[in-house]
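I'll start with the charges.

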Amino acid sequence: ELLQTGVQLSPEDDLGITQNEEQAYRQACDDWLGVKAEVVEESKRCPVFRNWLQGKTDAAIYWNQFFALHGGLAPSLRPPPAALIEGKQQNDKDRTRR
């Protein structure tokens, strides 16, 4: 629901996800789908992916089973700490192309 309404969360908001839950989700993404959890989270936000999930292909059914067992389309990763976000933005500004 949060993704559909476009609610912007602050970096301090962890959505109530514990470290153990996040680690279990990361492991499940790797075991079930063979992709990193960040890729799965990005896919959840993609309208084209959500449309594909409604299909009747074997792959769509498999992904839907995964989501049914692991929290659906709700965010399942905690946002990175604000210090890391700010540090990344600083590093991006310091980069120069040659």
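For these notes I call it a salt bridge when a side-chain nitrogen of Lys or Arg sits within 4 Å of a carboxyl oxygen of Asp or Glu. This is a predicted model, so I am reading computed positions throughout.

**Entry 1: salt bridges**

I searched the whole structure and got 4 salt bridges. I looked up R26 and E22: they form one, with the closest N and O atoms 2.9 Å apart. Both are in helix α2, and because they are 4 residues apart there, about one helical turn separates them.

R26 is partly exposed at 28% relative accessible area. E22 comes out buried, at 9%, since the cut-off for buried is under 20%.

E22 has another partner: R78 forms a salt bridge with E22, closest N and O atoms 2.7 Å apart. I get 29% relative accessible area for R78, so I noted R78 as partly exposed.

Then I went back to R26. Its side chain also meets that of E38 in a salt bridge, 2.5 Å from N to O. E38 lies in helix α3 and R26 in helix α2, so this pair ties together parts 12 residues apart in sequence. E38 is partly exposed, with 39% relative accessibility.

Which residues are linked in a network of salt bridges? I wrote down E22, R26, E38 and R78.

**Entry 2: helix α5**

I did a length check on α5, residues 58-69. Its 12 residues at 1.5 Å each should span 16 Å, and I find the end C-alpha atoms 17 Å apart, which agrees.

Which residues of α5 are buried? My list reads A60, W63, F66 and F67. They sit on the same side of α5, because they cover an arc of only 120 degrees around the axis.

I then asked what this buried set packs against, and found α2 (19-33), α3 (37-44) and α4 (47-53). On the face turned away from the buried side I noted the exposed residues D58, A68 and L69.

Terms used:
Residues numbered from 1 in each chain as written. Predicted model: local features only at pLDDT ≥ 70, side-chain atom pairs only at ≥ 80, totals over all residues. Heavy atoms only, no water. Helix = DSSP H or I, 4+ residues; strand = E, 2+ residues; numbered from the N terminus. Expected span 1.5 Å × (residues − 1). Buried < 20%, exposed > 50% of the residue type's maximum accessible area, 1.4 Å probe, protein only. Arc of directions from axis to C-beta. Contact = heavy atoms within 4.5 Å.
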